[in-house]
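Here is a short briefing to read alongside the model.

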Amino acid sequence: MGYSYPTCLIGILFLGDRLILRRMGFISHQQGSVTLIATKESADKLRIERFLRRNGYPLEILSYDVACRETAFLQNVDFKEEQLPIVYIHLGEQLLYNPSNLELAERLGLVEVLPPDHIYDVAIVGGGPAGLSAAVYAASEALDTVLIEAEAPGGQAGTSSKIENYLGFPTGISGQALAGRAQVQAQKFGATIALPFSVSKIDCQSHPFTLTLDNHTQIHTKAVVIASGARYRRLNFEHPFDNAGVYYAATAMEGGFCQNEPVIVVGGGNSAGQAAVFLSRHASHVHLLVRGDDLKATMSDYLIGRIAASDRITLHTGTEITDLQGERHLRQVTWHDRRTNTTKTHQIRHVFLMIGAVPNTGWLHDCLTLDEKGFICTGIQLIDAQVWTLERHPMVLETSVPGIFAAGDVRSGSVKRVASAVGEGAIIISQVHQFLSEQTAESFIPT
């Protein structure tokens, strides 16, 4: 006797969850088919580790000294410290010297082969919550779907240690776990996930549209969903400490290497609040720096309460970083307290920046109408700006070019929340269907 449809579905979902949890278990115990050998405070080591972990690839990490003494596969290898980090792939016994993310993905078989002359129904740029949601709904509704992501599924949300106010997860869920489930779901319905690729250019003057990737591959598509999101702002002065003391995510990986050390979190939004609470379980103390006078206007009340109740978090209002010092790695941080007009230098080696949002729209090259901050205008905004030329009204999430849509943090006026991004990703596919049906109808109009 065969299983009923609901029983089979539950079994598939259960198996999917088990596979995700099993892989995350390997990651947390540093078991895997890749070994990363590096010095402790290497920026490229952090880049490679983040890429592998965020893509759910189990790995083992060895420090340079221990690796030289104890690792059999390095005993007959002649290399110098400046060639670090080294990645050893056990399958095939491949040794890579400081590989790029793309080279590493290619060697590990993570890169999808994209047929050059294929025309997709919809191409989604960005693998955050909005993009993943759009991929799930597009693929589940029989659209030929490709999602292009530069690093790993999840976007900014994927770097969150715990999302506690997302519907249906009363005890919270990490951004990486949520993204991992969404990726499996999209692939189950047949979506192609293409990574690690960035879109460098879009040709929006002809149809089908053409997207050019950073490796010069071209993707042709009938419709485009832009869900490229936003990134955290950088400090207003130059410094050489990105991935070497200055970070833009606070996950278990970052928590591990600032164990029992003081850290700084800069920012007043929910991401900064979540990071401060999470890091307080690892760091000796967390200094939360905000430029404003309080957190009420920018942070959820439950996070404000946890920060106030923690004796391991100190809130510094009216305060900003003015200088960073160190050699190869950050060693000292100077901040200015505007209320007391005092400047102090502290021996702190780890700073987490979560300050404001800069849209990832530089690759559009004047293709679409943007607002004054660089976010993509959609819907009624186009009529107000007098840039819409068709007789019909623009759809809610449609951009100034019919057939190109925007969802999530990259969209002007969007609510910067995971739930709203997921909702926009779902809504946008009905509008993609409407556009595609218009194109089909037009193709049958006699000339």
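**Briefing: a buried leucine, the cysteines and a helix pair**

L36 is buried, with a relative accessible area of 0%. Please bear in mind that this is a predicted model.

**Around L36**

- You will find L36 in strand β1, which covers residues 34-38.
- L36 counts as buried because its relative accessible area of 0% falls under the 20% cut-off.
- Leaving aside residues up to four places away in sequence, L36 touches K45, I48, E49, L59, E60, I61, L62, P85, I86 and V87.
- Y64 is 28 residues from L36 in sequence, and their C-alpha atoms are 9.4 Å apart in space.

**Cysteines**

- How many disulfides does the structure hold? The structure holds 1 disulfide.
- That disulfide is formed by C204 and C367, with 2.1 Å between their sulfur atoms.
- C204 sits in the loop between β8 (199-203) and β9 (209-213), while C367 sits in the loop between β20 (357-359) and α10 (380-384), so the pair ties together parts that are 163 residues apart in sequence.
- Both C204 and C367 are buried.
- C377 is in no disulfide, and the nearest cysteine sulfur, that of C367, is 13 Å away.
- Is C377 buried or exposed? C377 is buried, because its relative accessible area is 8% and the cut-off for buried is under 20%.
- C258 is buried too, with a relative accessible area of 0%.

**Helices α8 and α9**

- The axes of helix α8 (residues 270-279) and helix α9 (residues 301-309) come within 10 Å and cross at roughly 35°.
- The crossing of α8 and α9 is left-handed.
- Which residues make the contact? From α8 they are N270, G273, Q274 and V277, and from α9 they are Y302, L303, R306 and I307.
- Sorted by class, the contact of α8 with α9 has 4 nonpolar, 3 polar and 1 charged residues.

**T251 in its loop**

- T251 is placed in the loop between β12 (246-247) and α7 (252-257).
- T251 has a relative accessible area of 16% and is buried.
- Not counting residues up to four places away in sequence, T251 touches T159 and F278.

Definitions and conventions
Residues numbered from 1 in each chain as written. Predicted model: local features only at pLDDT ≥ 70, side-chain atom pairs only at ≥ 80, totals over all residues. Heavy atoms only, no water. Axes fitted to C-alpha atoms, helices over the stretch in contact; angles between N-to-C directions. Helix = DSSP H or I, 4+ residues; strand = E, 2+ residues; numbered from the N terminus. Left-handed = near helix turned anticlockwise from the far one by under 90°. Contact = heavy atoms within 4.5 Å. Nonpolar A, V, L, I, M, F, W, Y, C, P; charged D, E, K, R; others polar. Buried < 20%, exposed > 50% of the residue type's maximum accessible area, 1.4 Å probe, protein only. Disulfide = S-S within 2.5 Å.
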